[in-house]
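Hello,

Here is the structure I promised to pass on. Have a look at it first, and my notes follow below.

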Amino acid sequence: MDEEELYDEFGNYIGPDVADEDDDEGDSEDDALENAYGAAAPGEGGDDAMEEDEGGEEDASMAVVLHEDKKYYPDAEDVYPDAQTMVQEEDTQPLDKPIIAPIRTKHFDHVEKKTPVTPYTAQYLADVSSNPELIRNVCIAGHLHSGKTTLMDCLVRQTHSFGSKLESEFEKKWDMCEDMRYLDTRIDEQQRKLGIKSMPMTLLLPNTKGKNYAVNWLDTPGHVNFIDEVAAAMRVSDGLLLVVDAVDGVQLNTERVVRLACSEGLPIVLCINKIDRLVLELKLPPQDAYFKLKNVIDEVNALVQQWGGVVGSCVGEEAGGELTPANGSVVLASSLFGFSFTVEQFATVYADTYRNFPAKELAARLWGDFWFDEASRKFKRTAPPGGGVRAFVHFVIEPLYKMFSQAVGEDPKELSACMSTLGISLNKKELTKDVKPLMRTIFSGFFGNHSGLVDCVSKLLPSPARASEPFVRLNYTGELNTEVALDAMKGTGEGPLMMQIVKLYHKPDCASFDAFGRIVSGTVKVGDTVSVLGEGYSLDDDEDMTVKTVTDLWLYEGRYRIPIDKASAGMLVLVGGIDDSIIKTATVAHNGVHTDEQCIFRPLQHPTRSVIKLALEPLNPSELPKMLDGLRKVNKSFPLLSTKVEESGEHLVLGTGELFLDCVMHDLRQMYSEIEIKTADPSVSFCETVVETSSLKCFAETPNKRNKITLISEPLEKGLAEDIEAGLISTSWDRKRQATFLQHKYDWDVLAARSVWAFGPESNGANVLVDDTLPSEVDKQLLGHVKDSVVQGFQWGTREGPLCDEPIRNVKFKILDATVDASPVHRGGGQIIPTARRVAYSAFLMATPRLMEPVFYVEIQAPADCITAIYTVLARRRGHVTADNPKPGSPLYNIKAYIPVVDSFGFETDLRTHTQGQAFCLQVFDHWAIVPGDPLDKSIVLRPLEPSPAPHLAREFMVKTRRRKGMSEDVSINKFFDDPMLLELARQDADLQAYF
């Protein structure tokens with residue numbers, strides 16, 4: 001067809017249909033794919049193609065894959081076959097938290113990255129520790145900043161090598177004469193520059209004869225708020241090394257430590273530390289330095305005698321005597337300059353030099369009233385004519401002074417020549433050091449190791465084998481004639497396992513604890529199954545007992561641990577795997593061995609009380625479970641901390657002081673709960689008491705009207721409450737022994753002394769329940785049937801008093817009459833217990849009730865020109881000074897005072913402000929005092945934001961305490977008085993008005 005016929009006159013195509021180019025291209029592509037993949041169109045050999053696909057799998061990889069089905073990366077199931085994949089349409093996690101949180105490592109302690117090098121192997125140390133005769137368990141205690149931890153640094157330096165100065169901070173600080181405080185292992189201890197936890201360390205130390213002893217040192221805090229840590233350390237120790245500052249002498253915590261050691265029956269040796277201060281700070285003449293040292297020793301001896309303490313003595317010697325350098329019980333030291341010595345060790349230096357006399361003979365004449373006559377070359381008991389120098393001053397103090405003066409002021413060349421005559425070689429680098437590092441090099445080179453200190457400890461303090469019997473007699477709560485007790489008193493590794501746990505140390509993750517304690521007898525191995533007996537365990541009630549498996553055993557070395565396979569009697573070890581059921585202390589024994597006679601060791605006895613309260617709540621209420629878990633852990637960590645939940649739901653922690661609670665809150669927030677916690681203003685614990693005898697006989701009937709109890713209350717004799725709390729009298733004694741004590745000391749009559757039913761609110765509580773009924777008036781047999789119920793009601797009532805739910809104290813409750821139903825059904829506990837509580841309350845309210853508040857004893861050190869300001873600050877806080885004396889040999893005064901705890905918050909800051917930082921104070925609970933005023937006087941009007949006068953304080957404290965606990969403001973008498981009792985009160989009131 002011609003081209004013209006294909007188009008009309010307008011140019012439109014009118015020819016035959018022509019295939020579209022796109023279709024042609026598509027067909028060509030399909031053809032190409034068909035040729036390439038062998039695919040057939042439907043109806044054209046499709047069956048053959050299907051048969052080919054089914055028959056050969058090698059062509060499956062060449063199949064066409066759609067875009068949405070293509071896989072560029074493997075699925076999660078392919079890479080992580082065990083992982084669970086979750087798909088969520090919206091975020092369930094806040095944007096400020098990562099989807100996968102990083103692994104957090106808690107860093108609250110200084111831990112050695114690698115074990116330091118020691119001159120002995122860990123196995124040798126463990127072998128020596130397995131011999132009780134070669135072990136000494138020593139508690140190092142003293143006042144704050146007396147140099148206990150730096151003295152331990154000297155022993156660590158003697159036994160450990162930490163590498164070069166570039167590698168080790170310890171070596172660097174030792175060379176620069178700086179305090180390392182190696183056993184202050186916590187970071188906050190280093191920052192605060194004071195110890196918070198007692199820390200054990202086992203060292204192998206030689207004495208002067210080269211004999212090695214495994215000495216378990218327990219370094220304790222010096223602040224009086226942490227006296228509970230000292231109590232825990234003393235319980236597992238066999239002796240006390242009392243460290244006293246040569247300048248400060250006996251101070252507040254020194255007295256507390258000596259008193260605690262005397263109550264635990266520990267022999268005492270003395271270390272007078274920082275003797276360099278006598279030379280470099282006070283610049284005392286040698287003769288005055290002697291008298292200062294003698295004054296310190298006399299003060300300590302007076303304390304030991306006052307509390308009936310025991311001075312360390314050699315084996316075979318009678319216990320007693322006094323602390324004196326002459327018998328080796330006093331060590332002189334300067335932990336700053338790295339030396340310590342005894343008089344005998346100093347005498348040995350002379351004996352080795354002159355070689356013509358025994359060192360012991362010279363040592364016996366180097367202390368006390370001995371003078372050396374240079375003309376006759378003899379020692380005399382009296383001073384030579386014209387005066388003279390004592391032997392101690394001549395042979396000990398003056399050489400020390402000369403060495404100090406040489407090191408400070410001598411030319412390096414002359415110093416080197418002088419020191420070479422003493423056997424001390426100084427190189428050029430050492431001669432160019434500053435004065436302090438130079439003096440540390442000289443004195444540590446002159447005295448060598450601390451063998452004199454080891455001599456004192458090894459000779460005068462008992463080994464565990466020798467100390468086990470008095471330890472068991474004092475602390476074991478069971479019968480002493482049983483097989484378990486007799487084996488424990490032998491203190492050998494062959495008997496049944498007896499171990500007391502006294503401390504819990506947190507693991508690095510702060511999620512659990514390791515238990516630290518002393519093995520009294522027997523042997524424990526890793527993998528042993530043991531019974532952990534809590535403080536509430538008894539032969540009659542074994543609820544507080546769990547069975548655990550020992551997973552680990554370590555010797556605790558402060559900043560590192562030495563794992564061991566087994567431990568035997570006398571050793572102090574750290575035990576893993578048994579901490580779950582332990583709260584404060586526990587007794588550990590092998591499971592299934594002597595279970596019918598196994599008893600516990602008594603819990604720790606603390607010389608102070610937790611009287612300051614702090615109310616807590618989480619910032620985010622949903623985090624309350626975390627806070628509760630943290631409270632449980634921090635309660636395990638601090639021996640004297642107690643936690644409590646009020647009926648209002650308020651969570652409280654109770655501690656000994658502001659610093660104590662500050663450390664508790666740091667641990668709770670940072671280590672154990674890791675949440676924000678709000679705290680209220682601190683408050684204090686109160687007690688309730690009476691000052692007169694009940695004005696009438698108070699009675700109460702049981703709800704079924706079949707029983708009736710008549711009671712009166714009166715104040716307890718002065719001092720009896722303290723004796724009960726100290727354990728000087730106990731309900732476990734027989735009646736004759738109790739009666740003898742009460743008759744002779746407090747003039748009780750025979751009938752009352754033999755009729756003591758119970759103490760309350762605990763077995764050592766400061767209230768007494770006395771059966772003062774007569775057999776002619778009361779059926780004693782029926783009364784005996786309800787005795788337990790009456791005692792429970794009495795203890796319930798004294799635990800929560802009627803004024804503001806605080807414990808009752810110093811009250812004697814007398815049962816004057818009782819009507820008891822003969823049928824046991826009508827005199828059950830449900831009838832008697834609430835009635836006994838109610839009648840106790842009514843008798844209490846009829847005896848002029850009063851509030852008692854805790855009082856702190858304060859010791860302040862300050863210059864003389866600050867005393868007036870101190871008096872002013874104390875007077876504004878209801879405090880008063882009891883003594884202000886100059887401290888001998890120093891420019892400071894020692895002020896002793898009392899201040900109510902409720903007014904003590906912020907006292908230390910206030911004191912430093914008014915004295916320009918020159919005064920330093922420490923406070924510790926001392927006694928309870930009656931708050932002035934009547935708490936039930938409703939005529940008193942409390943005005944907000946105005947301080948109440950003294951007569952209104954009791955009312956104010958009671959009302960505010962009741963408000964805080966969610967109680968009504970006033971005590972309702974209808975709650976505690978029966979209707980017949982109210983009618984009797986109304987009748988007596990009417991009679992009284994008619995009389996007047």
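In general, side chains of opposite charge can pair when their charged atoms come close.

Before the rest, two notes on the source. This is a predicted model, in which local features need pLDDT of at least 70 and side-chain atom pairs count only at pLDDT 80 or more, while totals for chains, interfaces and linings use all residues. Residues are numbered from 1 along each chain as its sequence is written, and side-chain values use heavy atoms, with hydrogens and water left out.

Domains

The protein chain is divided into domain 1 (131-163 + 174-460), domain 2 (464-597), domain 3 (615-672), domain 4 (689-847) and domain 5 (853-974); these bounds come from an automatic or database domain assignment. Domain 1 and domain 5 each give 15 residues to their contact (heavy atoms within 4.5 Å). Their C-alpha centres lie 39 Å apart. Between domain 1 and domain 5 about 1200 Å² is buried, with carbon and sulfur atoms giving 54% of that area. Buried area here is the accessible area (1.4 Å probe) that two parts lose on being put together, summed over both. The count between these two domains is 1 salt bridge. Asp926 and Arg256 also meet through their side chains in a salt bridge, at 3.8 Å from N to O.

Helices (H or I, at least four residues) and strands (E, at least two) are DSSP runs, numbered from the N terminus.

- Lys812 sits in strand β31 (residues 811-819) and Glu717 in the loop between β28 (708-715) and α23 (720-725), 95 residues apart. Lys812 is buried because its relative accessibility is 5%, whereas Glu717, at 23%, is partly exposed.
- Glu806 is in the loop between α27 (787-799) and β31, Lys965 is in the loop between α31 (953-964) and α32 (979-995), and 159 residues separate them. Glu806 is buried at 2%, and Lys965 is buried at 6%.
- Arg850 belongs to strand β32 (residues 849-863) and Asp934 to the loop between β35 (920-930) and α31, 84 residues apart. Arg850 counts as buried because its relative accessible area is 18%, while Asp934, at 28%, is partly exposed.

Elsewhere

Val408, found in helix α14 (residues 391-409), is partly exposed at 46%. Pro94 lies in the loop between α3 (76-79) and α4 (122-129), and is partly exposed at 42%. From Pro94 to Leu539 there are 445 residues in sequence and 54 Å in space, C-alpha to C-alpha.

Best wishes

Conventions: Buried < 20%, exposed > 50% of the residue type's maximum accessible area, 1.4 Å probe, protein only. Salt bridge = Lys/Arg side-chain N within 4 Å of Asp/Glu carboxyl O.
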